[in-house]
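The following paragraphs lead the reader through one structure, from its open spaces to single residues. Please keep the model in view while reading.

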Amino acid sequence: MSMRQPHHDGSARYVPQQEPVLGETVDVFVRVPVGADVGQVHVRTTGDGEPRFREATVDRVEGDTVWWRAEVEARNPVSNYRFLLSGRRGPTWLTAAGVVDHDVPDHGDFKLVTYAAPPAWARDAVIYQIFPDRFARSAGADARPLPDWAIPCDWDTPVIGRGPETPHQFYGGDLDGITERLDHLDRLGVNTVYLTPIFPARSNHRYDAASFDRVDPLLGGDAALARLADAVRARGWRLLGDITSNHTGDGHDWFSAASSDVHAAERELYYFDEAGDYESWNGVKSLPKLNWGSAELRRRFATVPDAALRRWLRPPYGLDGWRVDVANMTGRRGADAYTHEVAALLRSVVVDERSDGLLMAEHGHDHTGDLDRDGWHGTMNYVGFTDPVWSWLRHGDQPVPNFLGTPGGVPRRDAGTVLATMDTYRSLISWRSYVHSWQLLGSHDSARIRTVVGDAARQEVAAGLLATMPGTPMIFAGDELGLTGTNGESSRTPMPWHRPDAWDTGTFAAYRALIALRRGEPALRHGGLRRLHDDPDTLVFLREAPTGAVLVLARRAAGVPVRLAGLPAAENVYGAAPALRPGPDGAVTLPGHGPTFQVWRWG
């Protein structure tokens with residue numbers, strides 16, 4: 001993409017009707033630079049599987065841009081479309097992957113989606129992820145008896161990143177501790193709290209649930225969740241839970257009944273063979289896999305009035321939705337392929353319980369085949385954001401482990417390759433799914449971003465991309481303080497509340513300012529995306545909305561200043577670079593120092 005190329009991205013500036021209904025005909029717009037080799041534009045659709053062409057017309061000319069308009073019928077729940085651009089040098093296609101001069105398959109087309117849209121609040125969310133055991137302890141935590149699996153730790157005990165003790169180190173963070181620290185989140189500027197699991201379990205991570213019917217007493221129980229929910233709502237924020245649909249723990253009530261009696265009703269909830277062995281997550285026997293071919297599982301997990309998925313969405317808890325752990329494996333096992341069916345079921349239950357409920361999927365790899373249906377509203381975009389950003393900004397010669405176990409760890413790549421990765425994944429889903437997916441620099445399952453990039457300057461560049469690119473930003477608690485960790489377990493570091501001297505206050509200030517910028521700029525939350533320039537060390541892009549535009553410069557290292565023609569004067573709103581003023585030749589000059597992150601605004 002560049003200012004000299006035709007452009008369409010599916011955002012509201014190009015598709016004003018963002019929530020079409022089945023059978024509706026909507027206008028779509030293409031911007032073409034004046035003087036480009038485009039004399040005619042057609043839109044191609046594939047309703048009911050048959051390609052059809054409709055000629056576009058010039059809608060208006062604004063300065064050096066010609067806006068073409070065409071009509072697309074939302075014939076199917078997901079309706080593909082692309083543009084045929086005809087000029088003196090022959091035809092080209094404009095698809096979600098960009099302009100190409102050869103024929104390409106349909107899966108990279110733009111998409112209109114008529115399934116119900118995600119809740120409106122989600123586009124404006126800034127997510128803050130909390131791992132409860134390591135966030136904060138309330139005074140009441142000391143009085144609770146410890147289970148036999150727990151290895152008690154004080155708040156400064158080093159985290160064991162790998163080994164048999166890792167899941168059993170118990171620091172005693174609880175939900176009232178989170179409630180007492182909400183002022184920190186307020187200062188940072190986030191507005192949505194996401195909790196990793198809170199149900200009873202035999203580990204500190206609690207992904208091995210022993211029940212879905214109650215909050216772990218070690219976290220303060222049901223009453224503590226109600227208190228936290230009240231405190232979050234009082235600030236006008238949202239609260240999300242974490243539920244595992246792929247497996248339970250082997251201490252779960254259901255599995256205890258299933259494994260003790262071959263005739264138990266719970267037996268069909270899991271995969272047992274004739275010898276009594278059972279399927280588990282990646283062979284980890286403490287995590288028996290759920291069988292979504294079971295009608296009884298669907299009833300217990302989702303559909304009955306007191307099902308786990310439902311009850312925590314109601315008062316007095318009132319969760320605003322769920323992040324679904326291991327969504328990529330849910331319903332998949334050998335010939336069983338229930339994933340899309342289960343996702344649709346879970347979504348129907350969530351929105352039945354609360355119309356503004358959110359259902360977010362965990363995918364660690366390619367998510368594109370599971371979105372744009374009537375299931376997950378979006379995904380955790382590790383492959384289309386986290387990995388590319390890591391590979392561009394990683395430092396040093398020592399290997400940086402990839403949390404998915406890819407041999408060789410995180411490669412070092414230049415900006416062009418990083419953009420190609422981002423654009424490839426983005427092009428295979430709708431704009432709606434893209435912008436509602438969570439963009440993240442790390443999580444409780446990965447290395448910390450500070451460890452990957454090595455210093456505060458590059459972390460600021462990473463945080464700047466998180467705040468300014470399309471998608472919903474998610475911050476793992478502690479990243480804003482510059483905490484470190486080489487893998488998911490070692491990254492689950494207790495928050496150093498009692499050691500403020502350990503905080504990187506400069507990084508906190510950068511995160512706070514970037515979050516405020518995002519929340520204050522409609523173009524950063526609802527605007528489209530145009531790439532303007534890249535070289536190995538530099539990215540330049542525009543976020544545009546009807547209310548104005550934002551220009552972003554990200555550099556991982558110093559380099560030659562970038563000159564761009566066709567941009568207006570603009571004021572710097574982040575990074576303290578000078579204002580942009582076109583020179584006699586009409587070009588503006590972006591600074592060459594680095595690492596740096598700079599943002600300008602006009603309109």
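How do the residues of the lining of the largest pocket divide into nonpolar, polar and charged? They divide into eleven nonpolar, 18 polar and nine charged, where Ala, Val, Leu, Ile, Met, Phe, Trp, Tyr, Cys and Pro count as nonpolar, Asp, Glu, Lys and Arg as charged, and the others, Gly among them, as polar.

The model is predicted, so that local features need pLDDT of at least 70 and side-chain atom pairs count only at pLDDT 80 or more, while totals for chains, interfaces and linings use all residues. Residues are numbered from 1 along each chain as its sequence is written, and side-chain values use heavy atoms, with hydrogens and water left out.

The largest pocket holds about 1100 Å³ of space. It is lined by 38 residues, and those closest to its centre are Trp281, Asn282, Asp445, Glu489 and Arg492. Pockets and cavities are found on a 1 Å grid over the protein atoms alone: a cavity is a set of points where a 1.4 Å probe fits but cannot get out, a pocket is an open set with protein on both sides within 12 Å along at least five of seven lines, and lining residues have an atom within 4 Å of a point. Grid points are joined across faces, edges and corners, and a volume is the space filled by probe spheres set on the points.

The second largest pocket has about 490 Å³ of space. Among its 27 lining residues, Met3, Arg31, Asp64, Arg530 and Gly566 lie nearest the centre. At least two lining residues come from each of β1 (25-33), β5 (65-73), β22 (528-535), β23 (538-545), β24 (548-555) and β25 (562-565). Strands (E, at least two residues) and helices (H or I, at least four) are DSSP runs, numbered from the N terminus. The lining of this second pocket comprises twelve nonpolar, seven polar and eight charged residues.

Nine cavities of 30 Å³ or more are found in a search of the whole structure. The largest cavity contains about 210 Å³ of space, and of the 19 residues that line it, Gly10, Lys111, Ser430, Trp431 and Arg432 are the closest to its centre. Two or more lining residues are given by β9 (110-113) and by α10 (431-436); β9 gives the most, with four residues. By class, the lining of the largest cavity has ten nonpolar, four polar and five charged residues.

Helix α5 (residues 295-303) and helix α7 (residues 339-353) pack at an angle of about 35°, and their axes are 10 Å apart. Here axes are lines fitted to C-alpha atoms, for helices over the stretch in contact, and angles run from 0 to 180 degrees between N-to-C directions. The contact (heavy atoms within 4.5 Å) involves Arg298, Phe301, Ala302 and Thr303 of α5, together with Glu341, Leu345, Leu346 and Val349 of α7. Five of these contact residues are nonpolar, one is polar and two are charged.

Arg450 is found in helix α11 (residues 449-453) and is buried, at a relative accessible area of 13%. Buried means under 20% relative accessible area, exposed over 50%, and partly exposed in between (1.4 Å probe, protein chains only). Not counting residues up to four places away in sequence, Arg450 touches Asp455, Ala456, Gln459, Gly482, Leu483, Thr484, Asp504 and Thr507. Arg181, in the loop between α1 (175-180) and α2 (182-188), is partly exposed, with a relative accessible area of 33%. Leaving aside neighbours within four places in sequence, Arg181 is in contact with Phe135, Ala136 and Trp497. Arg181 and Phe135 are 46 residues apart in sequence, and their C-alpha atoms are 8.9 Å apart.

A cis peptide bond, with omega about 5°, joins Pro315 and Pro316; Pro316 is found in the loop between α6 (308-311) and β15 (321-325). Another cis peptide bond joins Gly594 and Pro595, with omega about 0°, and Pro595 lies in the loop between β27 (587-590) and β28 (596-602). Positive phi in a residue other than glycine occurs at Asp48, near 60°, and at Val326, near 50°. Asp48 belongs to the loop between β2 (40-45) and β3 (52-55) and is partly exposed at 48%. Val326, in the loop between β15 and β16 (332-333), counts as buried at 7% relative accessibility.
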